[in-house]
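This briefing is intended to be read beside the sequence and the coordinates.

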Amino acid sequence: MRAQIQQPRTGGRILRNGAFVALPLVVILSAVADPTLGRELLQWVPYLASGFMMNVVIALSAMTLGTVVGALFGMLSLAPFRLVRYPVAAYVQLFRNAPHLVLIFATTYIFPFEIVIYGTYLPFPDWVKAVIGLAIPASAYVAEITRGAILSIPTTQWEAAKGLGFSHGQALRWIILPQCLRRSLPPWMNVLASITMGTALASLVGVHELLHAATDASTAVRRLDFTIIAYLVVMAAFFTLCYPISRLTRRMEGRFHAA
Amino acid sequence: MPDFNVTDLFVSLTSRIGLNYEFLSTGYEAQIWRDGFATTLFLIVLLIPVSLVFGLVFAACLTSGRLWLSVPVRAFVEVTRNTPTLVQLMFSFLVLNTFVSSLVGGVQNNPLSPFFWVVAVVGLHIAALHAEAIRAGIEAVPASTVEAARGIGFSPLQILRYVEVPLAFRASLPAIVNNLINLVKLTTVGNAIAVSEITYASIMVWTQRDNVVSLMIVILLFFSLINFVVARLGLWVERRLAVPGYGL
């Protein structure tokens, strides 16, 4: 019986480590098997790579913006004034439940293509709009995570800090926030993975990112086997980016539960 | 015709605060938009049971203890969870759909519509998330309970059916509701392959009318409302199924 329970675990471990190389291996093997296909792929790799850089840039900027705004909103949602609390709660509810694609459409079509500051025209490119479109849901999730983390710290911690002579600000800085940070890291990384995968949606509003690049490449080459490989490359790229994040998250969650 | 008067009143009232809903009093565009809402709702109603059934099947495979069942499903779950749904959808539609077309001899014979692919891809994506939640629930069922069931002569399938799944389902219900809210949001990817759900229908309207803000407000409220209902239903089911004293 014990062996039966153990088996999937070892199988899972082989699979977990094999998963990193499996998709790229398929791509490389099929490129080697058919040299004409391999040559086409090699030609398009820089184009695809430039697309993927855009995904990474969008994801990182959206997460940075979303985290700053979200952490602020999370603290505001615990403010003692209803006038502050209710609008923040409405913002979080509305944008947490909104599809990412809808928000990307909203920012793309509502914002102008350039903005005027003191008479100088600044271009407002589509990828920046996509960043804002993804930062909005990110901020809503992060606000919820921050709020949950602050609420999860027992009141006795505040009282103990006060008893030790910490001021309110000092207690927040040295006692409450470090605990919040540890608690909110796994869910924050879930948001990171979700936003990273959301960057693919920017292709639908014409941002030059990986999926868009793959579509361009497959329309230019017009070979079914190349189309398959191109999309496998896209899958492999996102997988190698998101899989480590999700594994790390699960490990941290496990450690947090054990503690 | 009291219906028309309500529409006209709504259009004139909203135009006073700068919103443009004039298309509602035209027949064609209003019809497209209504159909968009209907398609999105239909997708959601169809996808919830599809995702739950496949999620249960995947979870049963993952916990079966048989490598030939658990390894392929585990691989599928990991790939699905860690790649964007849009990429999966494009891959299925452009590659798998082409295979199916060549198998049945030509695009005209292909019975699979874009709608089918949205249901398949989003359904299986959410099923993978459900499977993880249910698997965690099944593993959380106390070993002594399972041993007791085995002791009174239950077969492995019976244990799954009568002991593990009922308890696991209750434990994983919050995660499942969370996944269902993701499901509602994911239906919008159908837009990419021209399934006329609400975002696709809205694009048709706003390219003509240039009233993005007005439509956006309604779309955001629409999704908020659906997800509110889904969350409430989840809470209701959770309360209905609660086992007194079990702590779930």
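**Contact between the chains**

The contact between the two chains draws on 35 residues of chain A and 35 residues of chain B. The structure is a predicted model. On the chain A side, the elements that supply two or more residues are α1 (2-33), α3 (82-96), α4 (100-110) and α9 (224-258) of chain A.

- The largest share of the side of chain A that touches chain B comes from α9(A), with eleven residues.
- Sorted by class, this side of chain A has 27 nonpolar and eight polar residues, and no charged residues.

**Confidence in chain A**

- Chain A has a mean pLDDT of 86, and 92% of its residues reach 70 or more.
- Within chain A, confidence is highest in helix α5 (residues 126-152), at a mean of 93, and lowest in α1(A), at a mean of 64.
- Over residues 1-8 of chain A, pLDDT stays under 50, and the model has seven contacts beyond four places in sequence for them.
- α1(A), the element with the lowest confidence in chain A, is also among those that give two or more residues to the side touching chain B.

Two packed helices are described by the angle between their axes and the distance between the axes.

- α3(A) packs against α5(A) at an angle of about 120°, and their axes are 8 Å apart. α3(A) is therefore oblique to α5(A).
- The crossing of α3(A) and α5(A) is left-handed. From α3(A), the contact is made by Tyr91(A), Val92(A), Phe95(A) and Arg96(A); from α5(A), it is made by Ile136(A), Pro137(A), Ala140(A), Tyr141(A), Ala143(A) and Glu144(A).
- The residues of this contact between α3(A) and α5(A) comprise eight nonpolar, no polar and two charged.
- Helix α2 (residues 35-76) of chain A packs with α7(A) at an angle of about 135°, with the axes 9 Å apart. The two helices, α2(A) and α7(A), are therefore oblique to each other.
- α2(A) and α7(A) make a right-handed crossing. Ala59(A), Ala62(A) and Met63(A) of α2(A) meet Leu192(A), Ile195(A) and Thr196(A) of α7(A).
- The contact of α2(A) with α7(A) consists of five nonpolar residues, one polar residue and no charged residues.

**The enclosed helix α4(A)**

- α4(A) is largely enclosed by the rest of the structure, because nine of its eleven residues are buried.
- The buried residues of α4(A) are His100(A), Leu101(A), Val102(A), Leu103(A), Ile104(A), Phe105(A), Ala106(A), Thr107(A) and Thr108(A).
- Both chains contribute to the cover over these buried residues, which includes α3, α5 and α7 (168-198) of chain A together with α8 (198-209) and α9 (212-241) of chain B.

**Packing of α8(B) and α9(B)**

- α8(B) and α9(B), which are among the elements covering buried residues of α4(A), pack together at an angle of about 165°, with their axes 10 Å apart. α8(B) is therefore roughly antiparallel to α9(B).
- The crossing in which α8(B) passes α9(B) is right-handed. Ile198(B), Ser202(B), Val205(B) and Trp206(B) of α8(B) meet Val212(B), Leu215(B), Ile219(B) and Phe222(B) of α9(B).
- In the contact of α8(B) with α9(B), seven residues are nonpolar, one is polar and none is charged.

**Residues with positive phi**

Most residues other than glycine have a negative phi.

- Arg222(A) is not a glycine, yet has a positive phi of about 55°. Arg222(A) lies in the loop between α8 (210-221) and α9 of chain A, and counts as exposed because it has 8 C-beta neighbours inside 10 Å.
- Asp210(B) likewise has a positive phi, near 55°, as a residue other than glycine. Asp210(B) is located in the loop between α8 and α9 of chain B and is exposed, with 11 other C-beta atoms within 10 Å.

**Leu94(B)**

- Leu94(B) belongs to helix α4 (residues 85-104) of chain B. With 19 other C-beta atoms within 10 Å, Leu94(B) is partly exposed, since a residue counts as buried at 20 or more.
- Which residues does Leu94(B) contact, leaving aside its neighbours within four places in sequence? They are Thr227(A) and Tyr231(A).
- Leu94(B) and Ile193(B) are 99 residues apart in sequence, and their C-alpha atoms are 9.6 Å apart in space.

Definitions and conventions:
Residues are numbered from 1 along each chain as its sequence is written. Chains are lettered from A and ligands numbered from 1 in the order in which they are written. This is a predicted model: local features need pLDDT of at least 70, side-chain atom pairs count only at pLDDT 80 or more; totals for chains, interfaces and linings use all residues. Helices (H or I, at least four residues) and strands (E, at least two) are DSSP runs, numbered from the N terminus. Ala, Val, Leu, Ile, Met, Phe, Trp, Tyr, Cys and Pro count as nonpolar, Asp, Glu, Lys and Arg as charged, and the others, Gly among them, as polar. pLDDT is the predictor's confidence in each residue, from 0 to 100. Axes are lines fitted to C-alpha atoms, for helices over the stretch in contact, and angles run from 0 to 180 degrees between N-to-C directions. Angles under 35 degrees count as roughly parallel, over 145 as roughly antiparallel, 65 to 115 as roughly perpendicular and the rest as oblique. A crossing is left-handed if the near helix is turned anticlockwise from the far one by less than a right angle, and right-handed if clockwise. A residue is buried if 20 or more other C-beta atoms lie within 10 Å of its own, exposed if 12 or fewer, and partly exposed in between; C-beta atoms are placed from the backbone.
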